[in-house]
Amino acid sequence: MGKMERFAFVALVAGILFFLFADFISWALPMFVLKDIPKKSVEDLAAEAISRNSTAWSDFKKLARYYPETFKKFCQYEESFSGAKKIPESECKPNGKTLAKALRIGHRWYVAEGCWNCHSQMVRPVSNETLRFGIPGVSNTVSYPSEYNNELQAPVLWGTKRVGPDLIREAAVHNVGWQAAHLYNPKYTSPGTNMPPYPWYYTKDSKGNIVPNERGLSLLTYIMWLGSWEVKPPKDFRINVKASNSAKVKENTEKNFAEAK
Amino acid sequence: MATNSQELQNLVNYGLVKAHVAMGLVFFIIVATMGFLYSLQLDDIYPFVGIEFLSPGRVRMIHTAGAAYGFLVNMFTGLLYWAVPRFTGYRILSDKLGWFMFFALQAAVLITVIGVLFLGMADNVEWGETPWWLDPIIVFWLLLHLMQFGAPLFKASQRGPLYVAGWYISAMLVWTPLVVFMGNMIPRFWAVGSGAGAVQSTFIHDLVGLYVTPVAWGLMYYFVPVIMKKPMWSHGLSLLGFWGLAFFYPMNGVHHFLWSPIPMFAQYSAVFATVAVEFAVTSVLINFMMTLRGSAEQLKYNVPLRYMYTGAIFYWITCFQCAFHVTLTFQKVIHFTDWVTGHAHLIMFGTFGLWVLGMAEYIWPRLFRKETMYSKGLSEGAYWLLMIGVLSMFFDLTAGGLVQGFDWIGLNPWIDSVNFSKPFWYFRSIAGIMMITGLLMYALNFWKTATAKTGLSAELRTET
């Protein structure tokens with residue numbers, strides 16, 4: 001037993017060997033299992049959102065339309081920590097470059113504000129979470145590995161505590177306007193909430209309206225991006241209506257039309 | 001082992017011990033205040049609404065990262081400067097290096113505070129919220145820490161087997177830089193998504209399990225026999241406890257993300273390893289309780305020893321609780337709830353907090369050549385406030401966590417779970433006030449002891 005009680009033995013066996021063995025089981029092997037899932041950069045995510053015409057893309061265009069003054073300032077905005085660079089005026093419109101920039105800045109401030117201290121980003125397959133955080137028929141999937149394999153989830157933002165609800169399916173739950181009002185003062189939209197207000201993400205535009213500033217616009221883009229890959233495209237974008245559904249769709253349309261009358 | 005007090009004084013650098021322990025206490029009060037501020041946000045009575053750099057989310061990160069680097073690292077390093085030279089019989093590597101490390105550590109904590117509060121440069125690794133560019137510097141600091149304390153341990157083990165405390169501290173010295181490197185660098189630059197989640201969960205757990213736990217048990221194995229003036233009950237149990245912990249503890253991490261997209265084999269292995277750790281922990285606890293046998297009356301008047309045994313019992317409660325709530329069944333209800341917060345506070349404050357306070361209270365009068373602390377009343381009052389405060393917070397949050405968990409499963413409107421939690425959160429803030437008051441009393445006692453003009457005598461004074 002004498003040898004076991006020496007510095008070198010403890011340092012080598014317990015300190016290094018046991019540690020490496022545990023790391024092998026705990027994360028090296030899981031990483032090996034997941035290695036074939038492609039890793040996406042922020043630019044990839046932006047390109048994907050545009051090509052699939054996801055709600056992240058349409059919401060980003062909405063933000064640019066609602067807040068044109070902020071959007072101009074947003075193109076000029078620079079940040080070394082998140083690597084966001086200036087965008088020349090000729091390209092200052094909703095495109096892959098600006099969307100990627102907004103996601104980067106938004107993610108940086110989402111982390112910096114500690115949003116992840118109270119909002120998780122993981123829907124578990126138990127405890128009715130798929131029912132609570134998804135919208136049945138629109139997005140009710142449980143979290144799966146490939147949706148996290150991107151630059152904005154390194155380190156991953158699953159979180160360990162919920163005070164507020166989960167956000168990984170948020171795109172299907174609230175729209176941009178709701179989010180903008182909510183972030184300015186959560187009590188406007190959610191009476192009784194104990195979420196703090198974030199007025200420093202807002203500024204006054206030339207008409208005196210309170211609008212999101214550069215960081216606020218990015219943060220809203222990031223929040224609206226969460227889960228946008230699970231939201232089915234808007235109705236007018238759906239080209240094919242399956243034969244089995246068409247009768248139902250027709251019936252519903254007629255019913256809605258009659259009600260509207 | 002040196003017996004002469006002059007030799008002992010040459011062995012230990014008193015200045016370094018004093019500086020680290022004092023800064024550790026200062027940061028303990030600061031991070032406890034930060035936690036209290038954050039709890040006010042949960043109560044919806046936050047006093048600094050709309051101030052960007054005092055946003056509750058940022059304050060919470062100072063609470064966690066500050067507890068790790070400001071409070072625990074300072075305290076433990078200070079206590080190691082006292083304990084390691086004394087049980088190995090050799091001085092630390094270099095006093096100059098020690099002072100450099102002291103200032104470097106305070107600078108790192110200060111940079112973290114500025115980075116997180118004012119510059120928005122946090123990192124979303126829980127317990128590793130330090131800006132990512134600071135992490136390599138912390139790893140370098142931990143390598144210096146390895147050399148500083150590795151030197152006396154290595155020299156002593158040339159002469160013969162190391163004492164139990166030495167095993168824990170040797171292993172910790174190697175583990176800590178590896179853990180900090182792994183947890184902060186790999187999820188950012190190499191792994192993404194679920195792989196990163198697996199690394200982060202391993203980090204959350206390893207910083208507790210491979211830094212805080214071994215250094216704290218190492219110090220316990222030194223201080224408890226010294227205070228009671230008798231050896232540990234069983235050497236075999238010491239061996240069993242150490243090697244059980246060393247083998248199973250590093251594998252526990254993934255239990256922080258059960259039911260997540262991490263492959264199930266990793267989740268199952270974490271559950272099994274966690275249950276296995278409880279056996280190792282129980283063997284350690286049996287060893288300490290049997291050592292106490294026959295000396296239990298010392299707990300009545302020896303406050304440092306009482307801190308240590310209270311912490312040890314809390315440690316066992318936490319680990320016993322862990323063996324159950326780590327199962328996938330319990331996780332359905334309690335994951336993401338305040339149950340986990342209560343568990344974390346009982347282990348960090350109730351166990352490690354009380355331990356370092358007890359150890360610091362034992363060495364503090366000795367550092368200033370006093371026989372006893374300034375005030376017995378302050379000392380006792382602080383103990384009871386801290387102990388009752390943390391225990392009531394633990395029960396409160398555990399109950400609150402169950403309410404939240406079942407409310408979420410019941411698919412009630414989200415705001416219901418907030419409203420139902422309010423009474424628990426109010427009570428938690430009150431427990432927080434108790435704990436901070438206890439800490440302030442403790443700090444006052446420290447201040448008075450250090451600055452007392454007359455040598456405080458341990459003998460009973462007769463009032464004139």
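Okay, one definition before we start: a residue is called buried if 20 or more other C-beta atoms lie within 10 Å of its own. Keep that in mind, and remember that what we're looking at is a predicted model.

Let's begin with chain A. Of its 261 residues, 46% count as buried. The secondary structure here is ten helices and two strands. If you walk along the sequence, the order goes α-α-α-α-α-α-α-α-β-β-α-α.

Now, chain A has a partner. 66 residues of chain A are in contact with 72 residues of chain B. Which parts of chain A do the touching? Helix H1 (7–33), helix H5 (96–112) and helix H6 (129–133) of chain A each supply at least two residues to that side. The largest share comes from H1(A), with 17 residues. Sorted by class, the side of chain A that touches chain B has 39 nonpolar, 17 polar and ten charged residues.

In our model, the largest nonpolar core has 214 residues. The residues with the most contacts inside that core are A:Leu103, B:Ala165, B:Tyr168, B:Ile169, B:Ala171 and B:Leu219. Why does this core lie between domain 1 (1–151) and domain 2 (296–449) of chain B? Because both domains give residues to the core.

Let's zoom in on one name from that list, B:Ala165. Leaving out residues up to four places away in sequence, B:Ala165 touches B:Ala83, B:Phe87, B:Gly218, B:Leu219, B:Tyr221 and B:Tyr222.

Then there's B:Val164, which sits in helix H6 (residues 164–189) of chain B. Is B:Val164 buried or exposed? It has 25 C-beta neighbours inside 10 Å, and the cut-off for buried is 20 or more, so B:Val164 counts as buried. Setting aside neighbours within four places in sequence, B:Val164 is in contact with B:Tyr221, B:Met232, B:Ser238 and B:Phe242. For a sense of distance, B:Val164 and B:Asn10 are 154 residues apart along the chain, and their C-alpha atoms are separated by 24 Å.

Back to those two domains of chain B. Their C-alpha centres lie 20 Å apart. Where they meet, 21 residues of domain 1 are in contact with 18 residues of domain 2. On the domain 1 side, helix H2 (14–42) and helix H3 (56–88) of chain B are the elements that give two or more residues. H2(B) gives the most, with 14 residues. By class, that side of domain 1 has 16 nonpolar, three polar and two charged residues.

Which residues of H4(B) are buried? They are B:Gly98, B:Leu105, B:Val109, B:Thr112, B:Gly115, B:Val116 and B:Leu117. And what do the buried residues of H4(B) pack against? That would be H2, H3 and helix H5 (135–159) of chain B.

Methods
Residues numbered from 1 in each chain as written. Chains lettered and ligands numbered in written order. Predicted model: local features only at pLDDT ≥ 70, side-chain atom pairs only at ≥ 80, totals over all residues. Helix = DSSP H or I, 4+ residues; strand = E, 2+ residues; numbered from the N terminus. Buried ≥ 20, exposed ≤ 12 C-beta atoms within 10 Å, placed from the backbone. Contact = placed C-beta atoms within 7 Å. Nonpolar A, V, L, I, M, F, W, Y, C, P; charged D, E, K, R; others polar. Core = buried A, V, L, I, M, F, W, Y, C linked by C-beta atoms within 7 Å. Domains from an automatic or database assignment.
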